[in-house]
Amino acid sequence: MRVLVTGANGFIGKNLVLRLCEETDTEVLFFVRGDSYAHLQAALVLADAVIHLAGENRPASPDDYETVNVGLTRQICDGLRNLAKSTPLLLASSTHAELDTPYGRSKLAAEQVVAQLASDIGNPVAIYRLPSVFGKWCKPNYNSVVATFCHNKANDLPVHINDVNARISLVYVDDVVNVFLSLLASPWTGQVRPVVQPEYSITLGELSAQIEAFKNCRGNLLSERVGTGLTRALYATYVSYLPKEKFAYEVPAYGDERGVFVEMLKTPDAGQFSFFTAHPGITRGGHYHNTKTEKFLVIKGKARFDFRHMLTNEVYHLETDGAKPQVVDTVPGWTHDITNVGEEEMVVMLWANEIFDRANPDTITSKV
């Protein structure tokens, strides 16, 4: 399948082209700013589908709205009409088409040109009125407040907000691309107006605070809830703006004669992750918890875990080896320790179900 992407070197275009190139049975045809009318027509001859992303939103002259947003769309539609090809055409429009502004009027006119193509020859067309789109590779200080906030905060630059309560609607670029590709995989007829879901709503103040929290997590190690929804998408976007020299950062390490203890990550409600080392013959632990639980994973060396029940004095021992990964749980009410019984340094990953609280550590010293 040959897919012509106009505006292929723009923000959405870059993300779309990358995804299309992941498909072994898809060839991407490019049309970018500066390409000729002849180049466009030649591409239309080859194309099995057209995704029209090219547009002008900050022109040197208002006349450019008409030239690019309407004129280029008309050239595409006239080209398909003249070829008598029932080539699916997807148009990325904007919610600004609902506004009486030069830009909004040009986007509405482009929609009308595409709708007319469907009416004239039954060409399958899809018109997407997109709110603000965010994600990796969006140009900061241009037309995306998310890109601007992420870029500035990642580079220790200030952000300026006129109204922290101003609310904006957003869609994530990966969701946009997914909707495009899903539609291409499902043939349709006539005009359709799909929507991209989910669509998010957030105030500028909330947006700024969330991105600041992402930045701060390197210092306090407290991760935001980045696994789902808007927070997931915003976090991926923020990280994409980190300069290369900030790809890595240091975390606290506490060392003594036994080895080192390093905290890696803390979560609001799912505990924290750490690792520690121990030299041969060294024992760590010797305490119990009333409620706290932990998971240990020896990833290098050999370990012996010793347990003793605090009421019955029942004891239990087990050994694990980094060569055969095995998770060991600590159980409330059992005092426990871990000893390096190998001949090399032992390295152990540790998850605790709660962040360590010095005021209420729930860690009571008691030898096994």
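Reader: Between which two elements does the loop with Ala84 lie?
Author: Keep in mind that this is a predicted model. Ala84 has a positive phi of about 55 degrees although it is not a glycine. Most residues other than glycine have a negative phi. As for its place in the chain, Ala84 sits in the loop between α3 and β4 (89-94).

Reader: How many nonpolar, polar and charged residues are in the contact of α2 with α3?
Author: On the α2 side the contact has Tyr37, Leu40, Gln41, Leu44 and Val45, and on the α3 side Leu72, Gln75, Ile76, Gly79, Leu80 and Leu83. Sorted by type, these residues come out as eight nonpolar, three polar and no charged.

Reader: Which residue does Arg81 meet in a salt bridge?
Author: A search of the whole structure turns up 17 salt bridges. Side chains of opposite charge can pair when their charged atoms come close. Arg81 belongs to helix α3 and its partner to helix α4 (residues 102-121), so the pair ties together parts that are 39 residues apart in sequence. With an N to O distance of 3.1 Å, the partner of Arg81 is Asp120.

Reader: What about α5 and α8, is their crossing left-handed or right-handed?
Author: Helix α5 (residues 145-154) packs against helix α8 (residues 229-240) at an angle of about 50 degrees, with the axes 8 Å apart. Val146, Cys150, Lys153 and Ala154 in α5 touch Leu234, Thr237 and Tyr238 in α8. By type, that contact holds five nonpolar residues, one polar and one charged. As for the hand, the crossing of α5 over α8 is right-handed.

Reader: In the sheet of three strands, which stand at the edges?
Author: The strand order is β6-β7-β9, in an open sheet with mixed pairing. A strand with a single partner has one side left without a neighbour in the sheet, so the edges go to β6 (132-134) and β9 (200-203).

Reader: Which helix packs on that sheet?
Author: Within the sheet, four bridges join β7 (residues 167-172) to β9, running antiparallel, and Ile168 stands opposite Ile202 in β9. The helix touches β6, β7 and β9, and its direction makes about 50 degrees with that of β7. The helix in question is α6 (residues 173-184).

Reader: Which residue in β18 stands opposite Arg308?
Author: There is an open, antiparallel sheet of five strands in the order β16-β15-β18-β13-β20. Its edge strands, each pairing on one side only, are β16 (315-321) and β20 (364-365). Strand β15 (residues 302-309) pairs with β18 (residues 334-340) over seven bridges. In β18, the residue opposite Arg308 is Thr335.

Reader: Last one for my torsion checks: what is omega for the bond between Gln197 and Pro198?
Author: Pro198 lies in the loop between β8 (191-192) and β9. Most peptide bonds are trans. The one joining Gln197 and Pro198 is cis, with omega at about 0 degrees.

Definitions and conventions
Residues numbered from 1 in each chain as written. Predicted model: local features only at pLDDT ≥ 70, side-chain atom pairs only at ≥ 80, totals over all residues. Heavy atoms only, no water. Contact = heavy atoms within 4.5 Å. Nonpolar A, V, L, I, M, F, W, Y, C, P; charged D, E, K, R; others polar. Pairing = 2+ DSSP bridges. Axes fitted to C-alpha atoms, helices over the stretch in contact; angles between N-to-C directions. Left-handed = near helix turned anticlockwise from the far one by under 90°. Salt bridge = Lys/Arg side-chain N within 4 Å of Asp/Glu carboxyl O.
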